[in-house]
Amino acid sequence: MKIRARWASGVVALAVAAGASWRWHDEYATRFLPPVPAEFVARFAAPPAPDSARTRRELDDLLALQSARTPAEVAAAQADRKTKIVRFYDALGFDASDPPELPHVEKLAQRVEDDVRIYVRAVKDHFRRLRPYEIEPRLQPCIENVRGDLSYPSGHSAYGWAMAYLLESMVPERGLDLEARAEAFARQRMVCGVHFPSDLAAGKFAARWVLDALSGSPQFNEELAEARSELRAALGLRLEQ
């Protein structure tokens, strides 16, 4: 009986270990970057404390934005609620109502987003900063599906800047337009009262760090070359030498 019990417990332990291994493999099998290093999280300063003077100033700024936000700003924020690379195509000069099909660009953008999300999540879990409206009840978010998540850094800001940096590396001619689009994409989270200004700044920093790290990945560079050729051809631009 004891042998059978030990055998059963051993099977369970192996199953748990195998499950953990499978989850790790599933999470990172399609990623360019390795698990988040402690070095990355250590690069972020702690966000202001909830009862600090700086947090109060940030909350007052958000309340001012809330009182001044227009229906058009709310509509823009809601349209950008989901992270989609096509939302940045207008900054490249494409017709936003009829975006081209760019499978290599879309695949690369999704893989970059996956890495950005994992890295940003590590910082969120480390600092566990509450959302602004959880501290200031007068704030009324204008987008849904954000309650219960953590605030610092802003994943939306990180995504927007990551896409801007990614596309800019392929089409540097559109760099200013892409960065302006990322700025607006991130700022919407303040307009809607779901992120502090310091969350947005940390998201931008995260995006730059991750994109720089990606440049050391041979697989990323291979897929980037394919996406660059596809994108520049669609724009009628010569392939850079």
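**Exercise 1.** In this predicted model, R111 and E223 are both buried; work out what joins their side chains and which parts of the chain the pair links.

*Solution.* Begin with the contact itself: the closest N and O atoms of R111 and E223 are 2.3 Å apart, and since a salt bridge requires such a nitrogen and a carboxyl oxygen within 4 Å, the pair forms a salt bridge.

**Exercise 2.** Check whether the end-to-end distance of helix α5 agrees with its number of residues.

*Solution.* Helix α5 covers residues 103–127, which makes 25 residues, and at 1.5 Å a residue it should span 36 Å. The C-alpha atoms at its ends are 36 Å apart, and therefore the two values agree. Just after α5, R128 takes a positive phi of about 55°.

**Exercise 3.** Compare the setting of the salt bridge between R56 and D60 with that of the salt bridge between D90 and R181.

*Solution.* Take R56 and D60 to start with: their N to O distance is 3.0 Å, and because they are four residues apart in helix α3 (residues 53–68), about one helical turn separates them. R56 is partly exposed at 34% relative accessible area, and D60 is partly exposed at 37%. D90 is partly exposed at 39%, while R181 is buried at 12%.

Terms used: Residues numbered from 1 in each chain as written. Predicted model: local features only at pLDDT ≥ 70, side-chain atom pairs only at ≥ 80, totals over all residues. Heavy atoms only, no water. Helix = DSSP H or I, 4+ residues; strand = E, 2+ residues; numbered from the N terminus. Expected span 1.5 Å × (residues − 1). Buried < 20%, exposed > 50% of the residue type's maximum accessible area, 1.4 Å probe, protein only.
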